[in-house]
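Hello! Please have the sequence and the model open side by side as you go through this note.

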Amino acid sequence: MKITYTWRGDFDNAAVNALHAAGFGHPSQGVDWRDRVHRHSLGWVCARRDGEDLLGFVNVAWDGGAHAFVLDTVVAQGHRRLGIGAGLVAEAARQARAAGCTWLHVDFEEHLTPFYLDACGFRPTAAGLIAL
């Protein structure tokens, strides 16, 4: 199985909605991902098996300058723990660096610490959050 990672790759909204719903444990929400990422993101990465099936997706938002933010990293059920998620984040980091960003941020739930810190190379940092 060959996995390809495509920066700002084409995707179908239904496919990303299905990945997101399965990955985050909620019903499909019918989000217009194409509109969302085109309006708000530096880019996104699509992971595909043999150039066809969408197996993973990550959104890379930014502040228009030095800071990029990894959001919505998701890999299809049955294809997790194969390095696909780390590949998505690695391509996101390469592309954010190429765009002139100097920082790539991520926030995550505690159970994802090994993925983001060990597999992806993020380092822990102090941060704050206000629930709105």
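This is a predicted model: local features need pLDDT of at least 70, side-chain atom pairs count only at pLDDT 80 or more; totals for chains, interfaces and linings use all residues.

1. Residues are numbered from 1 along each chain as its sequence is written, and side-chain values use heavy atoms, leaving out hydrogens and water.

2. Begin with Arg8, in the loop between β1 (3-7) and α1 (13-24). Helices (H or I, at least four residues) and strands (E, at least two) are DSSP runs, numbered from the N terminus. Arg8 is not a glycine, yet its phi is positive, about 55 degrees. Because its relative accessibility is 39%, Arg8 counts as partly exposed; buried means under 20% relative accessible area, exposed over 50%, and partly exposed in between (1.4 Å probe, protein chains only).

3. Now find Arg81, in the loop between β4 (67-75) and α3 (84-98). Arg81 also has a positive phi, of about 65 degrees, without being a glycine. Is Arg81 buried or exposed? With a relative accessible area of 87%, Arg81 is exposed.

4. Next, check the length of α3. Its 15 residues, at 1.5 Å a residue, should span 21 Å, and the end C-alpha atoms are 21 Å apart, so the two agree. The expected span is 1.5 Å times one less than the number of residues.

5. Finally, look at the buried side of the story. Buried residues in α3 include Ile84, Leu88, Val89 and Ala92. Among the elements covering the buried residues of α3 are β1, β2 (41-49), β3 (53-62), β4 and α4 (113-119). Just after α3, Gly100 has a positive phi of about 95 degrees.

Definitions and conventions:
Contact means heavy atoms within 4.5 Å.
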